[in-house]
Amino acid sequence: MRKLFVGISKMWGVSGVPGEFKMGAAMQSVNSFSNAWLCVEEGVIAGLGGEEGFFGPESLALEVNQFMESLYVGRTIETPNPIHAESDMQFEIVDLGGVELLPGFVDSHTHLVFAAPRWKEFVMRIGGESYETIAAAGGGILNSANALQAMDEDALFGQAATRLQLMIAHGTTTVEIKSGYGLTMEAELKMLRVIRRLKLAFPIIIQSTFLGAHAIPLEYKEQSDLYVDLVINEMLPQVVAEGLADYIDVFCDRGFFSPAQTDRILKAAKAVGLPSKIHANELGLTGGVEVAVANGSLSADHLEYCGSHEMDILRNSFGSEGGGTMPVALPGTSYFLGIPYAPGRAMIDAGLPLALASDFNPGSSPILSLQTIWALACTQMKLLPGEALNAITCNAARALRLENNVGMLALGMRADFFTTDSPNAINTIPYFLGYNHCKQVFVLGNLQ
Ligand code: NIG
Ligand code: FE
């Protein structure tokens, strides 16, 4: 039966057309309905409306209005229950009781599968060491790889599932998860199989990314091209043969993979039909943006270093229908490592679209809540609350090329959303930092 959600004082992120994402000044706009309803059929939005109007078939809007009127005829405080017999019901009514409702968040960049926290490095950095020096001394990602190689698949799955539950409880209903803490054929495949198990175990959309080129293993330190050969000639074909990845990613930066090595990997991926995303310009103006755009990557993530040259290249990539390398800022990383924030304000002012993600991982961003990322984007990057909301919903969906499915409340899109008791939610969620504003989370119209 169709579900009809009512008792919604405000429904944010509504749209008349699926598939939208926002650039430049348009990023400020967040459409909403007051005293709204949302109709869901088989997990998908069949219509939605409120005082301002409706989106969907006119016949449905009429049916909903008539049904609501008949349902509440004669209703008083003394007789609060609807008078309909069960068999008369055209809809299964879900009365949310006056909440505000938002589209579920889309986290387009995470490293959710990992074996252990890296709190020792956290303490070392407080003492003055940098992320780069720790990594160069064999710590950092290589630490995570040692721990992951030693842990079995079931244990990794159990830990990851617990973290994913928490993410969902904080409003995230679409998530991308990368490999990259394996760094051997066996351990990379193990990570990707854990992600595949998560896909089967959870109702949310989970996308997987092969990040074999995340760091150069110690034994390849002086001959990193040989590790690139291993990624291209051995790991990639196996990953593709087993259908384990939706995208490929490379950490293109100083001390990690060069633009030339990144280019080789992205071209090899393209040849086997795997779209790419990259880690770019976290540690300097290191050429990552250029190589991403030249290869038609779906997104370039980090961009803590991003000047007007890089912004021009990114903006020009949005020339053609369906194209464009989405800039993705990761303010959790800037906060946790004490490095600059991506110049998100300047990017939007230059007419660019912008997405935001958690980068959730044990080394540089142990933050899984996109509510926290939303707050950091507002206070530290000077994004307006509505701009940042678009950056963690529709624009993040675009960074995964899922904008037709998730990231907004529109006809035909998935009924993934959450409710909150926080009034004027799009301003108060990023304002009250540090606790969970989600009341209930729904995936495909089902309460989680
Ligand atoms: O996106 N920068 C590279 N990769 C991750 C960090 C991974 C780690 O330190 O474990 C990131 O920040
Ligand atoms: Fe990352």
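**Salt bridges and the iron site**

Arg193 is partly exposed, with a relative accessible area of 26% (buried means under 20%, exposed over 50% and partly exposed in between, with a 1.4 Å probe and protein chains only). The model is predicted, with pLDDT of at least 70 needed for local features and 80 or more for side-chain atom pairs, while totals for chains, interfaces and linings use all residues. Residues are numbered from 1 along each chain as its sequence is written, chains are lettered from A and ligands numbered from 1 in the order in which they are written, and side-chain values use heavy atoms, without hydrogens and water.

Arg193 pairs with Glu242 in a salt bridge, with the closest N and O atoms 3.0 Å apart (a side-chain nitrogen of Lys or Arg within 4 Å of a carboxyl oxygen of Asp or Glu). This pair links distant parts of the chain, 49 residues apart: helix α6 (residues 185-201) holds Arg193, and the loop between α7 (224-241) and β9 (247-252) holds Glu242. Helices (H or I, at least four residues) and strands (E, at least two) are DSSP runs, numbered from the N terminus. Glu242 is partly exposed at 24%. The structure holds 17 salt bridges; among them is Glu121 with Arg118 at 2.9 Å, N to O, and both of these residues are buried.

The iron ion (ligand 2) has His109 (NE2), His111 (NE2), His279 (NE2) and Asp359 (OD) as protein donors, 2.1 to 2.2 Å away (donors are N, O and S atoms within 2.8 Å of the metal, or 3.2 Å for Na, K and Ca; water is not among the atoms, so sites may look incomplete). His111, in the loop between β6 (105-107) and α2 (119-126), and His279, in strand β10 (residues 276-280), tie together parts 168 residues apart in sequence. His111 is buried at 1% relative accessibility, and His279 is buried at 2%.
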